[in-house]
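User: I am new to this structure and would like to learn how to read its features. Please start with the surface.

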Amino acid sequence: MTIRSTPVRSFLPSDLEITSWEDLESWLINLQDRSITDLPSLEKWLLDLSEMEAFIEEDAAWRYIQMTINTKDEKLTESYQWFVSEIQPKISPFSNAFNVKLAGSPFAESLTGRAYEIYLRQIRKEIELFREVNIAIQSEISQLSQEYGARIGAMEVEMDGEKWTMPKAASELQKTDRAHREKVWRKIQSVRNEAIAD
């Protein structure tokens, strides 16, 4: 197993962890309130914003990965659910504020090159699509997706005395033996139907 390493940070403390909203809030406020007076300060702000976004995305990804590796560990499930219900909804308004700040900066026009062109176009589209009412909806979707993933992860197909995960069973559908594929397919459908009936 590869040991997770923390990238070198220039904005956030190297030992920062998300254990409460307060761990993030002051850093988000720093980015939101920071004065941008010229192109270099805008570029520095963008680097710090990128570091913040990468840090948050990595934290969320590791919570999700750990939860899906062991769907029976309630603490891992609770950790992920806490993140999507308590942290992500509070981040969304900041993300929109950052987009507005960038798009409204007179120095944004000086960010040249194809990469910036695509990035700024994406930012403008996100501003256009942002609706505060969608924050709670997105949080609910994340939680329902997690519950669905946990149910699928817990499902097993028994074949010839062996217990297979659903992905393992699905991979058997690629084999050339038609009778074998049909047998596996029927087992998969049986397990899914039982889950729906519950």
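Analyst: Accessible areas come from the Shrake-Rupley method with a 1.4 Å probe. In this predicted model, the protein chain exposes about 13,100 Å², and 53% of that area is supplied by carbon and sulfur atoms.

User: What share of the 198 residues is buried?

Analyst: Buried means under 20% relative accessible area. By that cut-off, 29% of the 198 residues in the protein chain are buried.

User: Which elements make up the protein chain, and how do they run from the N terminus?

Analyst: There are seven helices and two strands. From the N terminus on, the order is α-α-α-α-α-β-β-α-α.

User: How do I read the radius of gyration of the protein chain?

Analyst: The radius of gyration is taken over C-alpha atoms and is set beside the value for a compact globule of 198 residues, which would be near 16 Å. The protein chain has 22 Å. Its C-alpha trace spans about 70 × 35 × 35 Å along the principal axes.

User: Now a single residue. Where is Arg-34 found, and what is it in contact with?

Analyst: Arg-34 lies in the loop between helix H1 (22-33) and helix H2 (39-69). Its side chain and that of Asn-30 are joined by a polar contact of 2.9 Å. Leaving aside neighbours within four places in sequence, Arg-34 is in contact with Phe-11, Lys-44, Trp-45, Asp-48 and Lys-101.

Notes
Residues are numbered from 1 along each chain as its sequence is written. This is a predicted model: local features need pLDDT of at least 70, side-chain atom pairs count only at pLDDT 80 or more; totals for chains, interfaces and linings use all residues. Side-chain values use heavy atoms; hydrogens and water are left out. Helices (H or I, at least four residues) and strands (E, at least two) are DSSP runs, numbered from the N terminus. The radius of gyration is taken over C-alpha atoms; the globule rule is 2.2 Å times the number of residues to the power 0.38. Buried means under 20% relative accessible area, exposed over 50%, partly exposed in between (1.4 Å probe, protein chains only). A polar contact is a pair of N or O atoms within 3.5 Å; within protein, one must be able to donate a hydrogen and the other to accept it, and residues adjacent in sequence count only if both atoms are side-chain atoms. Contact means heavy atoms within 4.5 Å.
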